[in-house]
Amino acid sequence: QVQLVESGGGLVQAGGSLRLSCAASGLSFGNYAMAWYRQAPGKEREVVATITSGGGTYLADSVKGRFTISRDNAQNTVSLQMNSLKPEDTAVYYCAARARWSNKYDYWGQGTQVTVSS
C-alpha cells in the first residue's frame, strides 16, 4: 500500500521559512516523479514544484527564487524548502507521486497546513 506522509507545516510570520518533508512508502521511489501542490481556501489546487526521478525540477513562477524542491532517493523522501514566505503562500500543501509510465499523479498525501501571518 502506497503512503505519502507530509510533515513540517505550521504557522510562520511573513518573511520566515519552513521546510516540508514527504516520506514515501510502498512504492519504488526511484521510478516516481514527485510534486508539491497547494490549495488555499476557495481556490483550486495548484502545482508548486515538481522533481523527476532524475532530479529535474520545476517551480511555479509564484515561488521561483523562494522555494526549492529536493529528493533523497536513499531515504524515499522529497522536501520543499520555503523561504521568504508571504501571506499568499497560506494553503494546505500536498505531496504527490507520479509513476514514470503515468501521465497523472496517482498518489497523494493527506496534506499539511502552512499559515503565513502578515
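Both cysteine 22 and cysteine 95 are buried (buried meaning under 20% relative accessible area, exposed over 50% and partly exposed in between, with a 1.4 Å probe and protein chains only). The model is a predicted one, in which local features need pLDDT of at least 70 and side-chain atom pairs count only at pLDDT 80 or more, while totals for chains, interfaces and linings use all residues. Residues are numbered from 1 along each chain as its sequence is written, and side-chain values use heavy atoms, with hydrogens and water left out.

The sulfur atoms of cysteine 22 and cysteine 95 lie 2.1 Å apart and form a disulfide, a term applied to a pair of cysteine sulfur atoms within 2.5 Å; by this rule the count comes to one disulfide. The link is left-handed, with -75° about the S-S bond. Because cysteine 22 belongs to strand β3 (residues 18-25) and cysteine 95 to strand β9, the pair ties together parts that are 73 residues apart in sequence; strands (E, at least two residues) and helices (H or I, at least four) are DSSP runs numbered from the N terminus.

The structure also holds five aromatic pairs, where rings of Phe, Tyr and Trp (its six-membered ring) pair if their centres lie within 6.5 Å, and planes under 30 degrees apart count as stacked, over 60 as edge-to-face and the rest as tilted. Among them is the tilted pair of tyrosine 32 and tyrosine 107, with 6.3 Å centre to centre and 50° between the planes. Since tyrosine 32 lies in strand β4 (residues 32-39) and tyrosine 107 in strand β10 (residues 107-108), this pair ties together parts that are 75 residues apart in sequence. Tyrosine 32 counts as buried at 8% relative accessibility, whereas tyrosine 107, with a relative accessible area of 31%, is partly exposed. Tyr32, Trp101 and Tyr107 form one aromatic cluster.

Arginine 71 lies over the face of phenylalanine 29, at 4.4 Å from the ring centre, and arginine 98 over that of tyrosine 105, at 5.7 Å.

Serine 102, in the loop between β9 (91-99) and β10, counts as buried at 16% relative accessibility. Its side chain makes a polar contact with the side chain of aspartate 106 (3.3 Å), a polar contact being a pair of N or O atoms within 3.5 Å, of which, within protein, one must be able to donate a hydrogen and the other to accept it, residues adjacent in sequence counting only if both atoms are side-chain atoms. A polar atom of the serine 102 side chain also lies 3.0 Å from the backbone oxygen of lysine 104.

Key. Lys NZ or Arg CZ within 6 Å of the ring centre and 35° of its normal.
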